[in-house]
Amino acid sequence: MRVLGIETSCDETGVAVYARDGGLLAHALYSQVELHARYGGVVPELASRDHIRKLLPLVQDVMSEAGTGASDIDGVAFTAGPGLVGALLVGALTGRCLAWSWGVSAIAVHHMEGHLLAPMLEPETPGFPFIALLVSGGHSLLVEVNGVGRYRVLGDSIDDAVGEAFDKTAKLLGLPYPGGPALAQLALQGNPERFTFPRPMTDRPGLDFSFSGLKTFALNTWRESAQDDQARADIARAFEEAVVDTMVIKCRRALHQTGIRQLIIAGGVGANQRLRERLGQLMAEEDGRVFYPRPEFCTDNGAMIAYAGYRRLLAGQTAPLSVNVTPRWSLEELDPADA
Ligand code: KG4
Ligand code: ZN
């Protein structure tokens, strides 16, 4: 079985071909970061229009790189949510129409299921069950994963997602968009002793996250400081440390609560080196193992959508001919897909 995967939920156009024999045959990504940079965030209408321009040429490139003609494709997977409605519609309509014209099945994929199955694209994969920490610009989720489509959400963000908190804090420190990687880079030069930021919601039971207060804390700290380069780096360091520490505390709780000893990290913030270092230490202490997708599959990509779609098609699931997207969609609403 060969599956074409299409991702257009936000500001990245991702395409890939995944095969039962051979795994990932080809993948490519077009990022709109430059397009949105001068607005300091994603402009939904510009995102949709750019997906329209980039998607079909990318499909052609990836299929030719994979040595795959239309007649070799057995199914088309597209991201159907959550995400920006206009952006999702571009990928869903294109994917559905390609599948119809080629006479093959289509499958609608949940973007976060893509992220949490992304470690399966690596040579060493975790077996079920595992705990997934999904940390992106739109989500901070802790999920117990008992199989494809068998998800229990243990913790969720009650306000800003963790990537969003990184981006907003970076913006108020005057760093370029997208702020997460820039803030992490700057934090390397910061003094960890100078400021201590709170660890939100760790003083009470539960696994939910709240990061919006940290951004205000950073703003107040910045206003009261000399507002020079050293203060900027020290605040970046204290902010990153507080966010990472909070996630480590919640992951430890999730492991103890479930007795599960495998952890996977996915989503854009999973590229954060300090987070990786600290979670590595945690899993060593807990006598468990941590798994990551390679950095390019931590952020949005087509490969994870092709793979999630492949698993669902293998289990006999398909999407109807009507095209539906679901901008708000819980992982717990998904059907199990046992092949
Ligand atoms: O998963 P993703 O590519 O897109 C969404 O679905 O949101 O995640 C993007 C997010 C952005 O907020 C970006 O600032 C953040 O991931 N990010 C980072 C790092 N690299 C990307 N945040 C902290 N440290 C990083 N190294
Ligand atoms: Zn994502």
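The legends below describe close-up views of a predicted model.

**View 1. The zinc ion (ligand 2) and its protein donors.** Three residues of the protein supply donors to the zinc ion (ligand 2): His111 through NE2, His115 through NE2 and Asp300 through OD, lying 2.1 Å from the ion. Along the sequence, the spacing of these donor residues reads H-x3-H-x184-D. His115 belongs to helix H4 (residues 111-117), whereas Asp300 sits in the loop between helix H10 (295-298) and helix H11 (303-314), so this pair ties together parts that are 185 residues apart in sequence.

View 2. His115 is buried, because its relative accessible area is 0%. Asp300 has a relative accessibility of 13% and so also counts as buried, the cut-off for that class being under 20%.

**View 3. The second largest pocket and its lining.** The volume of the second largest pocket is about 320 Å³. Its lining consists of 19 residues, and those nearest the centre of the pocket are Ile107, Ala108, Thr318, Trp329 and Leu334. By class, the lining of the second largest pocket divides into ten nonpolar, six polar and three charged residues. Strand E4 (75-81) and strand E5 (105-110) each contribute at least two residues to this lining. E5 gives the most, with four residues.

**View 4. The hairpin of strands E2 and E3.** Strand E2 (residues 12-19) and strand E3 (residues 23-31) run antiparallel and are joined by eight bridges. Ala19 stands opposite Gly23 of E3. Three residues lie between the strands of this hairpin, and Gly22 takes a positive phi near 110 degrees there.

View 5. The bond from Gly81 to Pro82 is cis, and its omega is near -15 degrees. Pro82 is placed in the loop between E4 and helix H3 (85-102). E4, which covers residues 75-81, is also one of the strands that supply the lining of the second largest pocket.

View 6. Between Phe128 and Pro129 the peptide bond is cis, with omega near 0 degrees. Pro129 is found in the loop between H4 and strand E6 (130-135).

**View 7. Gln227, a residue with positive phi.** Gln227 is a residue other than glycine, and its phi is positive, near 55 degrees. The loop that holds Gln227 lies between helix H7 (212-224) and helix H8 (229-258). Gln227 counts as partly exposed because its relative accessibility is 42%, and that class runs between the limits of 20% and 50%.

**View 8. Asp287, a residue with positive phi.** Asp287, also a residue other than glycine, has a positive phi near 60 degrees. Its place is in the loop between helix H9 (273-285) and strand E10 (289-291). The relative accessibility of Asp287 is 69%, so this residue counts as exposed, for which the cut-off is over 50%.

Key. Residues numbered from 1 in each chain as written. Chains lettered and ligands numbered in written order. Predicted model: local features only at pLDDT ≥ 70, side-chain atom pairs only at ≥ 80, totals over all residues. Heavy atoms only, no water. 1 Å grid on protein atoms, 1.4 Å probe; cavity = no way out; pocket = protein on both sides within 12 Å on 5 of 7 lines; lining within 4 Å. Points joined across faces, edges and corners; volume = space filled by probe spheres on them. Nonpolar A, V, L, I, M, F, W, Y, C, P; charged D, E, K, R; others polar. Donors = N, O, S within 2.8 Å, 3.2 Å for Na, K, Ca; no water. Buried < 20%, exposed > 50% of the residue type's maximum accessible area, 1.4 Å probe, protein only. Pairing = 2+ DSSP bridges.
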